[in-house]
Amino acid sequence: MDTAQMRTLMPLTEHLGIELAEAGPDRVVGTMRWRPALTTAAGLLHGGALMALADSIGAVCAFLNLPAGASTSTTSSNTLFLRGVQEGQVTATARPLHVGRSTIAVVVDLTDGTGRSVAQVTQSQAVLR
């Protein structure tokens with residue numbers, strides 16, 4: 001999968017400026033740049049934007065682990081915010097924790113431009129047949 005395919009499946013990713021850097025069943029990496037339209041108080045990147053980045057990259061990871069003909073939808077998501085982002089780029093790295101017949105669990109680590117942890121998201125995705 002590449003950025004164009006991701007944006008076709010999830011148009012919100014274009015609005016947020018999410019780019020795919022790497023996409024395989026064992027690891028998906030995506031990025032999103034800080035910009036004023038995505039901030040909240042004090043110019044911090046909005047938590048919802050970070051969650052959308054993590055959900056999108058996690059969904060790509062789940063999608064790449066689906067059996068033929070299946071689709072996926074997030075059923076739960078838990079976010080642990082660790083620090084704010086006031087500039088630069090956030091990188092999201094997703095890895096599958098569990099790939100089963102009915103669910104896929106994914107962990108997504110978000111880091112800032114200096115490699116510091118920003119958030120960690122654990123999500124489950126339903127396997128829809």
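1. Let's start with helix α3: twelve of its 17 residues are buried, so the helix is largely enclosed by the rest of the structure. Keep in mind throughout that this is a predicted model. The buried positions in α3 are A49, L50, A52, L53, A54, S56, I57, G58, A59, V60, C61 and A62. As a general point, an α-helix has 3.6 residues a turn, so residues three or four places apart point the same way.

2. What does α3 lie across? The helix lies across β1, β2, β3, β4, β5 and β6, and runs at about 45 degrees to β6.

3. Now for the sheet itself. It is an open sheet of six strands, in the order β1-β2-β4-β5-β6-β3, and the pairing is antiparallel. At the edges sit β1 (19-24) and β3 (71-81), each of which pairs on one side only. From one strand to the next, the twist averages 20 degrees. In general, strands of a sheet pair through backbone hydrogen bonds, either parallel or antiparallel.

4. Next, the β1 and β2 pair. A hairpin of two residues links β1 to β2, and the two strands run antiparallel with five bridges between them.

5. Strand β2 is mostly covered, with five of its seven residues buried.

6. Which residues touch the most other members of the largest nonpolar core? They are M32, L53, I57, V108 and L110, out of 31 residues in that core. The elements giving two or more residues to this core are β2 (27-33), α3, β4, β5 (103-111) and β6 (117-128). Of these, α3 gives the most, with nine residues.

7. Leaving aside neighbours within four places in sequence, I57 is in contact with M6, I18, L20, V28, G30, A92 and A94.

8. Not counting residues up to four places away in sequence, T31 touches G17, I18, E19, L53, Q89, V90 and T91.

9. T91 is found in strand β4 and counts as buried at 19% relative accessibility. With the limit for buried at under 20%, that call for T91 could be read with some care, given its 19%. Beyond four places in sequence, T91 is in contact with V29, G30, T31, D109, L110 and T111. T31 has T91 on its own contact list as well.

10. Finally, a contrast within β4. L97 also has its place in that strand, which covers residues 89-99, but L97 is exposed, with a relative accessible area of 56%. Leaving aside neighbours within four places in sequence, its contacts are A105, V106, V107 and T122. L97 and G17 are 80 residues apart in sequence and 26 Å apart in space, C-alpha to C-alpha, whereas G17 is among the residues that T31 touches.

Key
Residues are numbered from 1 along each chain as its sequence is written. This is a predicted model: local features need pLDDT of at least 70, side-chain atom pairs count only at pLDDT 80 or more; totals for chains, interfaces and linings use all residues. Side-chain values use heavy atoms; hydrogens and water are left out. Helices (H or I, at least four residues) and strands (E, at least two) are DSSP runs, numbered from the N terminus. Buried means under 20% relative accessible area, exposed over 50%, partly exposed in between (1.4 Å probe, protein chains only). Contact means heavy atoms within 4.5 Å. A nonpolar core is a set of buried Ala, Val, Leu, Ile, Met, Phe, Trp, Tyr and Cys residues joined through side-chain atoms within 4.5 Å. Two strands pair if DSSP finds at least two bridges between them. Axes are lines fitted to C-alpha atoms, for helices over the stretch in contact, and angles run from 0 to 180 degrees between N-to-C directions.
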